[in-house]
Amino acid sequence: MIELYHPKSQALLDHWLSLPREGVLPLRSSFFPEKVPQILPSLIIYEMVAKDFIRFRLAGTAVRERMGFDPTGENYLNYVADERKEKASQSFFSVVDQPCGMRVISNHGMSTGRKMFLEVLMMPLENDMSPNPIVLCQSNEIKPIEEEQISDNARVENITIVRRDFIDIGAGISDFKD
């Protein structure tokens, strides 16, 4: 399919591929994140409520630490620069509008001056539990500096997309361009 850099990204993809499905997408009711405990700290579950509202349904501990707070229930787009909100929303919806996976390599600038490169893997689920689509996301630092700690007051200040790859899961790939 695609060569992923982080083993937790691969673990999410492998688990997603193993889930039962009635069509192209696995069912939300079949996804139990606790069955893949290694992905829990860096797992994000998004609910695609509307083009202007992408709800954090779950944010793992590593994600909360990286952000500096717990965003659960919040709108992801509240943390995106105004000039990027529309494109950010389009990119998230691209994996549900044209069912496909997406891997993004991004550079996160922290308030402390630290830079982090993240591999973000996004995989859609057929939401058989409510009307809004669900997107699973695994967000992991690649090539982390082991001895460097993120301070308690560090916050993400800016995000730059370095690379975006779509993954064909049986329905083609999105034509979204950033």
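Modeller: Start with a rule for helices: the expected span of a helix is 1.5 Å times one less than its number of residues. Keep in mind that the model is predicted.

Biologist: How do you know that the length of α3 agrees with that rule?

Modeller: Helix α3 has 13 residues, so the rule gives 18 Å. The C-alpha atoms at its ends are 17 Å apart, which agrees. Helix α1, residues 7-18, can be treated likewise: twelve residues should span 16 Å, and its end C-alpha atoms are 16 Å apart.

Biologist: What makes up the rest of the protein, in helices and strands?

Modeller: The protein has three helices and six strands. Along the sequence they follow the pattern α-β-β-α-α-β-β-β-β.

Biologist: How do you know how far to trust the prediction, in terms of pLDDT?

Modeller: The scale of pLDDT runs from 0 to 100. The protein averages 88, and 87% of its residues score at least 70. The pLDDT is below 50 over residues 145-153, a stretch with nine contacts in the model beyond near neighbours in sequence. Where pLDDT is low, the predicted coordinates should not be read in detail.

Biologist: Why is Arg-103 called buried?

Modeller: The label requires a relative accessible area under 20%. Arg-103 has 2%, so Arg-103 is buried. This residue is found in strand β3.

Biologist: What makes the pair Arg-103 and Glu-119 a polar contact?

Modeller: The cut-off is 3.5 Å between N or O atoms, one able to donate a hydrogen and the other to accept it. The two side chains make their polar contact at 2.9 Å. Leaving aside neighbours within four places in sequence, Arg-103 is also in contact with other residues, including Ile-2, Tyr-5, Leu-121 and Asp-165.

Biologist: Why is Val-63 called buried?

Modeller: Its relative accessible area is 2%, and the limit is under 20%, so the label applies to Val-63. Val-63 is found in helix α2. Not counting residues up to four places away in sequence, Val-63 touches Pro-41, Ser-42, Leu-43 and Ile-44. The C-alpha atoms of Val-63 and Leu-43 are separated by 7.5 Å, although the two residues are 20 apart along the chain.

Biologist: What makes Ser-91 buried?

Modeller: The value for Ser-91 is 6%, against a limit of under 20%, so Ser-91 is buried. Ser-91 lies in helix α3, where the buried residues also include Ala-88, Phe-92 and Val-95. Beyond four places in sequence, Ser-91 touches Met-102, Arg-164 and Phe-176.

Biologist: Which residues touch the most other members of the largest nonpolar core?

Modeller: Tyr-46, Met-48, Ile-54, Tyr-76 and Met-122 do, in a core of 26 residues. Elements giving two or more residues to this core include β1, β2, α2 and α3. The largest share, five residues, comes from α3. Another core, of 20 residues, lies apart from this one; among its members are Ala-11, Leu-25, Ile-39 and Met-123.

Biologist: What do the buried residues of α1 pack against?

Modeller: They pack against β4 (115-125) and β5 (134-141). The buried residues of α1 are Ser-9, Ala-11, Leu-12, Leu-13, His-15 and Trp-16.

Biologist: How much of the whole protein counts as buried?

Modeller: Of its 178 residues, 48% do.

Terms used
Residues are numbered from 1 along each chain as its sequence is written. This is a predicted model: local features need pLDDT of at least 70, side-chain atom pairs count only at pLDDT 80 or more; totals for chains, interfaces and linings use all residues. Side-chain values use heavy atoms; hydrogens and water are left out. Helices (H or I, at least four residues) and strands (E, at least two) are DSSP runs, numbered from the N terminus. Buried means under 20% relative accessible area, exposed over 50%, partly exposed in between (1.4 Å probe, protein chains only). Contact means heavy atoms within 4.5 Å. A nonpolar core is a set of buried Ala, Val, Leu, Ile, Met, Phe, Trp, Tyr and Cys residues joined through side-chain atoms within 4.5 Å.
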